[in-house]
Protein chains: 2
Amino acid sequence: MVIAETNDTGNWTSEQICAFENIQLSPASTALNYGQTVFEGMRAVKTSKGKIVLFRPEENAKRFRRSAARLEMPPYPTDQFVRGITRLVRSEIRWVPPFGKGSLYIRPVMIGSGPMLGVAAAPSYTFYVFVSPVGLYRRGEGKLMVQDSTHRAAPYGTGDLKAAGNYAGTIRPQRVAAQYGYKDVLYLDAKHDRYVEEVGSSNFFAILKDGTLVTPRLLGSILPGITRDSVMTIARELMGWKVVEKGVTIDEVLSDASEAFFTGTAAGIQPITVINYKGTDHQIGTGIMGSSTKRLQECLMQIQTQMDPDPFDWVREV
Amino acid sequence: MVIAETNDTGNWTSEQICAFENIQLSPASTALNYGQTVFEGMRAVKTSKGKIVLFRPEENAKRFRRSAARLEMPPYPTDQFVRGITRLVRSEIRWVPPFGKGSLYIRPVMIGSGPMLGVAAAPSYTFYVFVSPVGLYRRGEGKLMVQDSTHRAAPYGTGDLKAAGNYAGTIRPQRVAAQYGYKDVLYLDAKHDRYVEEVGSSNFFAILKDGTLVTPRLLGSILPGITRDSVMTIARELMGWKVVEKGVTIDEVLSDASEAFFTGTAAGIQPITVINYKGTDHQIGTGIMGSSTKRLQECLMQIQTQMDPDPFDWVREV
């Protein structure tokens, strides 16, 4: 793993690579008491050309800074972020699965490590990154469940950050959905209970019957996914589709979507085939992965694995 | 501090008292990655009779269990909770300030300590309690600020739990309020942006001009404060006031409140004298602590410090 800490002047020490070992933390740390913790999720993959690559790591660095700032945590320098991760992946290169067999998942974390009795920013911080090889994303049936009595995030809260505290509350709804045979939860907005927000920790897209690709606009409660941004860019610029960020109601999805899918770093692009809303299953389109979803999925994967050219300069060899 | 851990069968080991020392934690723990952390805040005080007492510790134990359950964490036995804290306070009795000079703040915490790469419940948990002497609550001016672009919690989210992740997002709004000369933030509800929810990490009360004591009803986004409950009980049963839990709009507070105050374990009962709403300062009542607020404050304090009888059986000698 990589580790760095803030020093007495509040600046970051240069990052060290060390063995994966326990973190030592004050029982009064703000990470453990007040959730002053942010993270990122990234992947290193072996490509068709035999290279090891990261996908848009500068975007993760930027989002990491933004998440930290909202929780009054110090900015971590973008170049140091990318350099530390590049060094770590190089040193753990034996753990990157072969082409097409999975990826090395990368988890950068920043925690408030210093003690603070009241609710306030910590006096010191720790940055670390660990990695773990993971297999291919397990494709499920693409069945999602809207739960009446659950919201993920308030408007103007912390829902648009990768803050640790956004996730603990999703464990129970996800388990309930799984019990009923659904892959994950489809969250509606907290204000109107009508607008689609996210799928667990993935972004939501629908292709309407007129061919428009729609996705919920970012109004402060939805994570600005990097795969989300990549999908919109590919759809607009490589496919020539009409792409609209807007309020997407659940009724519109159920009545007017011919395809739907969710996106994330680990998931890539995964089809949504059924949505349970108010106790009733609604099939989306034909109930299997649609052809447009499949085209997007392949296009993204082929850019990420150097099978296709990289017109947007997204892929970084380590 | 007190420490206990879940064993291989998921049950809690009996609690140990040990020196205050760093916690060892996996970098992949759910506490650090997904905010699977809950806590409580309690106080031990030396009373007018020279005893050391806790205030309604069983209520903290119950809320702790409820918080843990919502985050898919194991229940911590109520008797073990109270026993561990009682043992700890006894062993640290020299740190309890003299009568009237402050208290020993007690912080029970439960964290997901085992590693989990995806968003899911941890395989193992750690419970710990640490204590710190604190002085009297620093009385401020009682000026609060409503911030347009901030919400604390979504309805049906985790706002009604003492989950660590609810607090990191309040650090920045609190700092902004302090910069403008306000003591804390008054949060409105995320759905209508009209109903008063909480003051930072304290509950809100207003005394209307007709003498009714009102406080926001608990609909899933407001912490069910133990001081809140105690204040309602005292007002109803000792003062004979009319007490109503209901939706309390900010407009109603500004136009119809003759007094307002906030409550919490550390704060006790503290007056609210000014509320800034949409950029304008509104004075509440006479702009100083009202006589009814003062009566409640003294009544609660006198029960807590054994100056008055304890009609509700709230005080526990350790």
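How many residues does the contact take from chain B and from chain A? In this predicted model, the contact takes 53 residues from chain B and 53 residues from chain A.

**View 1. The side of chain B that touches chain A.** Strand 3 (23-25), helix 1 (30-34), strand 4 (37-39), strand 7 (103-112), strand 8 (125-134) and helix 4 (171-179) of chain B each supply at least two residues of the side that touches chain A. Among these elements, helix 1 of chain B gives the largest share of that side, with 4 residues. Sorted by class, the residues of the side of chain B that touches chain A comprise 30 nonpolar, 18 polar and 5 charged.

**View 2. The relation between the two chains.** Chain B is superposed on chain A by a rotation of 180° with 0.0 Å of shift along its axis, and the RMSD is 0.0 Å. This is the relation of a two-fold axis. The same surface serves both copies, in that 100% of the contact residues of chain B recur in chain A.

**View 3. Helix 2 against helix 3 in chain B.** The axes of helix 2 (residues 57-70) and helix 3 (residues 78-91) of chain B come within 9 Å and cross at roughly 130°, and helix 2 of chain B and helix 3 of chain B are therefore oblique to each other. The crossing in which helix 2 of chain B passes helix 3 of chain B is right-handed. On the side of helix 2 of chain B, the contact is made by B:Pro57, B:Glu58, B:Ala61, B:Lys62 and B:Phe64, while helix 3 of chain B contributes B:Thr78, B:Phe81, B:Val82 and B:Ile85. By class, this contact of helix 2 with helix 3 of chain B has 6 nonpolar, 1 polar and 2 charged residues.

**View 4. Helix 5 against helix 7 in chain A.** Helix 5 (residues 226-238) and helix 7 (residues 291-304) of chain A pack at an angle of about 105°, with their axes 10 Å apart, which makes helix 5 of chain A roughly perpendicular to helix 7 of chain A. From helix 5 of chain A, the contact draws on A:Ser230, A:Val231, A:Ile234, A:Ala235 and A:Leu238, and from helix 7 of chain A on A:Leu296, A:Cys299 and A:Leu300. The residues of this contact between helix 5 and helix 7 of chain A divide into 7 nonpolar, 1 polar and no charged.

**View 5. Helix 5 against helix 7 in chain B.** In chain B, the axes of helix 5 (residues 226-238) and helix 7 (residues 291-304) come within 10 Å and cross at roughly 105°, and helix 5 of chain B and helix 7 of chain B are therefore roughly perpendicular to each other. Here B:Ser230, B:Val231, B:Ile234, B:Ala235 and B:Leu238 of helix 5 of chain B meet B:Leu296, B:Cys299 and B:Leu300 of helix 7 of chain B. The contact of helix 5 of chain B with helix 7 of chain B holds 7 nonpolar residues, 1 polar and no charged.

Key: Residues numbered from 1 in each chain as written. Chains lettered and ligands numbered in written order. Predicted model: local features only at pLDDT ≥ 70, side-chain atom pairs only at ≥ 80, totals over all residues. Least-squares fit on C-alpha atoms with pLDDT ≥ 70 in both. Contact = placed C-beta atoms within 7 Å. Nonpolar A, V, L, I, M, F, W, Y, C, P; charged D, E, K, R; others polar. Axes fitted to C-alpha atoms, helices over the stretch in contact; angles between N-to-C directions. Parallel < 35°, antiparallel > 145°, perpendicular 65-115°, else oblique. Left-handed = near helix turned anticlockwise from the far one by under 90°.
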